[in-house]
Amino acid sequence: MSTTEYDTIIIGAGMSGLAAGIRLAHYDQRVCVLEKHYTIGGLNSFYRINGRNYDVGLHAMTNFTEKGAKKGPLARLLKQLRFRWDDFQLAPQAGSAVAFPHIQLNFNNDIQLLRSEIATHFPTQIDRFDRLLSELIEYDDLKQEDFEISTRQVLGGIFADPLLIEMLLCPLMWYGNARQDDMDYGQFCIMFRSIFLEGFARPFKGVRLILKNLVRRFRELGGHLKLRSGVERIDVDSGHAMGVTLEDGTQLTAKRILSSAGVVETMRLCSDSSVVDVDRTGELTFIESISVLDCQPKKAGFDKTIVFFNDSDKFHWHQPESDLCDVRTGVLCSPNNYLYGDTEGELEAGFIRQTSIAHFGRWMELDERAYRQQKMRWYDLSTQAAAQFVPDFRRHVIDTDVFTPKTIRRFTSHDNGAVYGATKKQLDGTTHLDNLYLCGTDQGFVGIVGAIVSGISMANQHCLRSDL
Amino acid sequence: MTPAEIRDEILDILSEIAPDEDLSDLEDAKSFREQMELDSMDFLDIVMELRKRHRVQIPEDEYTNLASMASTVSYLEPKMKDIIKA
Ligand SMILES: Cc1cc2nc3c(=O)[nH]c(=O)nc-3n(C[C@H](O)[C@H](O)[C@H](O)COP(=O)(O)OP(=O)(O)OC[C@H]3O[C@@H](n4cnc5c(N)ncnc54)[C@H](O)[C@@H]3O)c2cc1C
């Protein structure tokens, strides 16, 4: 019997797994990416219903920097994966806002707009805002000890107006906080840079363009990608991973394994693990209500790229106490409202996507009929809640789709459908086995760009250096 | 390889790592870090490309020799002189 031995096996064909695969295949490793689902992309995949293309996740790519920028995660990932800036065809946002009752702060990809909005609405806090800017930790200087400091405590020591703290936290928590109520200060610094100092952008063709670029490159370099190949078990012998056994019984061996399945999920796969620290599992999951309009959203009065809203002075970042969803806060995004190039024109249909906080367990308990009904009900409740903060677009809606924590779970296998993964991150990517490493969401970098950078840096640190 | 060929090879590696960069006015005496803002991940990439393409091994404590084009070429010259340019 012959078995192929790989240099590295990667679990998961999401953004982080594919990026890591490209690095390793580029340096002539024999690499295999194993994906449980029938398609690539993980949390950020795409699908087609009723003749329309939908993205699962993509509102915006964060960390946007202009062509020619030499610093920052986008520049780094382009260099490391050998892409040109033009390969991703990123169009910058038109402009976004944080909306609370009676107050709205606008921002775009130039920090000066947010700064002037704060100077106008919070004149006593602007010097403090400048102080925060000077105290943010650089991406490369994050250490596990500083990472877990409470953001609320840090901001409470800087600002004297609690409303401004809530308004700054709202978008940053929405786009990358796995913890409830408070946020790790390291994560805050990452998200602050990626959203306020760098910014939002989107390729005209959506996430499929990014994924197609990644997978094409990986294949050209000789990497193996196996879909419908869920890893059932990581085979362990005395503190060392020998390989994996797939759900269909196939066994594959490798010198090392890099997993993007999540920290708790990966521990559970290990054949030697009896107790898994489930306390680390994240609780935050979402529903996404997608509206297709009969016109471009700006014709219906919705001209922002993204609006983060919250219906009171205190931001609610917690799983729903008693119901399926909590729609007091939400994010609305129109993929139409980016500054696409002249040759690209406008997206064919008008889309508005809205994300709301959901409760995983309660969605999973519903039978088929109740599940369909609740999707409709929460579509109505969430768009109704949004109408207090953005122009009411509901009479323009010609088609809708809703996806739930159940959908997210199906696409990613993440416990609880937790979009931002575990509450405690493992920045160095190490595990209890000497040749099993983590990448992606639970290593600490979330979002599309974050996941790609995570895949790259874990591949470099743990899978390439050891060969030098 | 002659020093001129080694220089071309380094240029080729740099243009692969940073395809958007205009390398035509690169100054040999000035550091890469200063001119192209290369970071430690990029330097590691130069090292790994050299190993991949020519099996040249560069120990970690000698990476500092790769600071500028001039220092890189003179550092690599003895290591690469027997390599025939493809
Ligand atoms: C609704 C929604 C909206 C989002 N919007 C944005 C956005 O606008 N901008 C942004 O930047 N980010 C967004 N994100 C977040 C972003 O999608 C993720 O942070 C990122 O894609 C995570 O990538 P990853 O590689 O770490 O993990 P994942 O994408 O989760 O990849 C893990 C992969 O591993 C596979 N897997 C798991 N277990 C196994 C197993 N046992 N065997 C084999 N394969 C396995 C999974 O199927 C999955 O494909 C959004 C996410 C969601 C859900």
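Analyst: Contact means that heavy atoms lie within 4.5 Å. By that rule, and not counting residues up to four places away in sequence, A:Arg202 touches A:Asp55, A:Leu58, A:His59, A:Gln89, A:Leu90, A:Ala91, A:Pro335, A:Tyr338, A:Tyr340 and A:Leu347. The model is predicted, so local features need pLDDT of at least 70 and side-chain atom pairs count only at pLDDT 80 or more, while totals for chains, interfaces and linings use all residues. Residues are numbered from 1 along each chain as its sequence is written, chains are lettered from A and ligands numbered from 1 in the order in which they are written, and side-chain values use heavy atoms, with hydrogens and water left out.

A:Arg202 lies in strand E8 (residues 201-203) of chain A; strands (E, at least two residues) and helices (H or I, at least four) are DSSP runs, numbered from the N terminus. With a relative accessibility of 7%, A:Arg202 counts as buried, a word that means under 20% relative accessible area, with exposed over 50% and partly exposed in between (1.4 Å probe, protein chains only). The side chains of A:Arg202 and A:Tyr340 are joined by a polar contact of 3.0 Å. Such a contact is a pair of N or O atoms within 3.5 Å; within protein, one must be able to donate a hydrogen and the other to accept it, and residues adjacent in sequence count only if both atoms are side-chain atoms.

The part to examine closely is helix H7 of chain A, residues 162-174. H7(A) has 13 residues and reaches 18 Å from its first C-alpha to its last, close to the 18 Å expected at 1.5 Å a residue, where the expected span is 1.5 Å times one less than the number of residues. Where H7(A) starts, a side-chain oxygen of A:Asp161 comes to within 3.0 Å of the backbone nitrogen of A:Leu163. Because 12 of its 13 residues are buried, H7(A) is largely enclosed by the rest of the structure. Among those buried residues are A:Glu166, A:Cys170, A:Pro171 and A:Trp174.

Next comes the sheet. It is an open sheet of 7 strands in chain A, in the order E7-E6-E14-E15-E16-E13-E17, with mixed pairing; two strands pair if DSSP finds at least two bridges between them. Strand E7 (103-107) and strand E17 (397-403) are its edges, each pairing on one side only. From one strand to the next the twist averages 20°. H7(A) packs on this sheet and touches E6, E7, E13, E14, E15 and E16 of chain A, and its direction makes about 130° with that of E6(A). For these angles, axes are lines fitted to C-alpha atoms, for helices over the stretch in contact, and the values run from 0 to 180 degrees between N-to-C directions.

Strand E13 (residues 285-293) and E17(A) pair in the antiparallel sense over 6 bridges, and A:Ser289 stands opposite A:Val402 in E17(A). Helix H13 (residues 405-412) lies across E13, E16 and E17 of chain A, at about 105° to E13(A).

As for the setting, chain A has 14 helices and 18 strands. Of its 468 residues, 63% count as buried. The C-alpha atoms fill a box of roughly 70 × 50 × 50 Å, taken along the principal axes. Among contacts between residues at least 6 apart in sequence, 74% join residues at least 24 apart.
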